Amino acid sequence: MRIAETSDLWWKNAVVYCLDVETFFDDDGDGTGDFAGLTQRVDYLAALGVTCIWLMPFYPTPDRDDGYDVTDFFSIDSRLGTLGDFVEFIRAAKDRGMRVIADFVVNHTSDKHPWFMEARKSTDNPYRDYYVWRKDTPPDTSSQVVFPGEETSLWTQDEATGEWYLHMFAKHQPDLNVANPTVRNEIVKAMGLWLELGLDGFRLDAVPFFLETRGQPKDEAANLDPHNYLAALRSFLGRRNGAAILLGEVNLPYKEQLEYFGTEGNELNMQFDFMSMQHLYLSLARQDARPLAETLKSRPALHPDNQWAMFVRNHDELTLDKISDGERQEVFAAFGPEKNMQIYGRGLRRRLPPMLDGDSERIRMVYSLMFTLPGTPVLFYGEEIGMGEDLRQKGRNSVRSPMQWSDGKNGGFSSAKVSDLVAPLVRGEFGPDSVNAAAAKRDPDSLWNFMATLIQRYRESPELGWGEFSVLDQPEPAVFAHTTTADGGTLVLLHNFSAEPVKVSANLGAEGGAPRGGSSQGGRRKYKGCILLDLLDGDNVKLEPNGAFKVELGRYGYKWLRVHEPGDRLAP
């Protein structure tokens, strides 16, 4: 593959692993995970094949929103360790070839942040304009709250001055006024600090919200072009670290998402593909691949310097807000029929294995699919061993239980008393007695070893990270078939969403087939002598000279196939 000229875009074929330090591994036995514990587990992540660790917030916090309520952008929460512990972790990760990015919250702070505590003292306090205030009583904004049932307005009246402050999320998280140049300066100084300490970029939380100018003074709002500001942040990163990235949380339809990449690809490097994730679950519920296929066919082309991030699960609710009400009810009925499994009327608070009733064949099909979809795969901690959720916990905390390392005390997470744990462990069939990393690593047939194999094949297949994507026409509605091609190499990827075996017939030489691959004579693709080489140790598939082939897929079956031309050397 001739991809060397753009090899600095390391995130194009990265494997990203999201974790929360406080729930990953506890070194000092106080019941809370810490950086010293994470450093001890870096080799575990390297063995899995992870190339980029994404840290959820680790800044000082009252911890009312799992660390997203920050009180100091320039330091480490003392429960997690020290700056020295952080740097030692960075050194360990870099020593094993891994990059590290971290959450950065631009939208708001905690109401315990010194800036806000000063701001609420008086209307002429120097920190007043760090936040967004209004003197008049706000209109009814109950229909606009992000967390229905938890808040009733976007504005809260502060007793000290009688004025109202804006909070797009919780009332204990007042919105920063990013139109204020002083605030913008503080943000880049904080980013600069963490870049100097070794971070390779940031996952930006709630991007459309922090670019809002709602309620801000008209003169300040007029001076803030949201996309110019995002481009300025990207430019700052480029000056400090040319390989650093901005990965953005932008849950919007594709057309609107495209704006956040920038007209020249100069804003966010990457964005999560919420549209395909939601239609993936609709396809799973229906056992019909067409909703996912149609969504991906509608996805706009990107600048070569941009990329999508693909995921099955993340640390928030599994949002289904971009599919119709009827479609959402289909997914609820299939994967979250009980009210306690649902959240905010729009999403699920479950992990994949329990949603699929522990069906190992179906679970593996979904993860095989994720690694082949056009974009960079992102894993949430515990997915590699098949962790479940804890529906005893409130809200989104159901999927944020401690990592399950062994079947020992506290699942091997901590030596502390159970009452001192930062969060309870999962109980039942998905608890650490049945699901843990130690047992999974020893079992050659485990999900962990399957995921490690997928990651290895993904890393060996640059077409997946860099290639041109095309849905492959074939008659089976339950089958998602696609190709991806880079520098003449073509992969054919097949996934059966059905519990019934299927026979797939397709043609790479037909319209809707591979965009490139095989030789060409007189404008027609030729595949004489080619085979489809199975990359997951199955049987190779005969390829007809015109590009036609037939494949049998078992129950929730999947295939990774590479077009192998005569004379090509076989991979070892």
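Here is a walk through this structure, from its sheets to its charged side chains.

Before we start, keep in mind that this is a predicted model, where local features need pLDDT of at least 70, side-chain atom pairs count only at pLDDT 80 or more, and totals for chains, interfaces and linings use all residues. Residues are numbered from 1 along each chain as its sequence is written, and side-chain values use heavy atoms, with hydrogens and water left out.

Let's begin with the barrel. Eight strands close up into it in the order β1-β2-β3-β7-β8-β9-β10-β14, and their pairing is parallel. On average, neighbouring strands of this sheet are turned by 25 degrees against each other, direction ignored. A word on the labels: helices (H or I, at least four residues) and strands (E, at least two) are DSSP runs, numbered from the N terminus. Two strands count as paired if DSSP finds at least two bridges between them. You can see this with β7 (residues 201-204) and β8 (residues 245-248), which run parallel and are joined by 4 bridges. Pick out Leu204 and look across to β8: its bridge partner there is Gly248.

Inside the order, β17 (residues 489-496) pairs with β24 in the antiparallel sense over 5 bridges. Leu493 stands opposite Trp560 in β24.

Next come the charges. Side chains of opposite charge can pair when their charged atoms come close. A salt bridge here is a side-chain nitrogen of Lys or Arg within 4 Å of a carboxyl oxygen of Asp or Glu, and by this rule the count comes to 38.

Take Arg286 and Glu330, whose closest N and O atoms are 2.8 Å apart in their salt bridge. This pair links distant parts of the chain: Arg286 sits in helix α10 (residues 274-286) and Glu330 in helix α12 (residues 325-335), 44 residues apart. Arg286 is partly exposed because its relative accessibility is 37%, and Glu330 is partly exposed at 31%.

Arg328 is buried at 9% relative accessibility, while Asp325 is exposed at 56%.

Asp359 and Arg555 form another salt bridge, with their closest N and O atoms 2.5 Å apart. They lie 196 residues apart, Asp359 in the loop between α13 (352-355) and α14, Arg555 in the loop between β23 (548-553) and β24 (558-564). Asp359 counts as buried at 17%, and Arg555 as partly exposed at 33%. Elsewhere, salt bridges link Asp65, Asp66, Asp316, Glu317, Arg346, Arg396 and Arg400 in a network.

What about a charged residue without such a partner? Look at Arg313, in the loop between β10 and β11 (318-319). Arg313 is buried yet has no salt bridge, and the nearest side chain of opposite charge, Glu389, is 7.1 Å away. (Lys and Arg count as positive, Asp and Glu as negative; His and the chain ends are not counted.) The side chain of Arg313 does have a polar atom 2.7 Å from the backbone oxygen of Asp316. Leaving out residues up to four places away in sequence, Arg313 touches several others, including Leu318, Phe380 and Val399.

Notes. Axes are lines fitted to C-alpha atoms, for helices over the stretch in contact, and angles run from 0 to 180 degrees between N-to-C directions. Buried means under 20% relative accessible area, exposed over 50%, partly exposed in between (1.4 Å probe, protein chains only). A polar contact is a pair of N or O atoms within 3.5 Å; within protein, one must be able to donate a hydrogen and the other to accept it, and residues adjacent in sequence count only if both atoms are side-chain atoms. Contact means heavy atoms within 4.5 Å.
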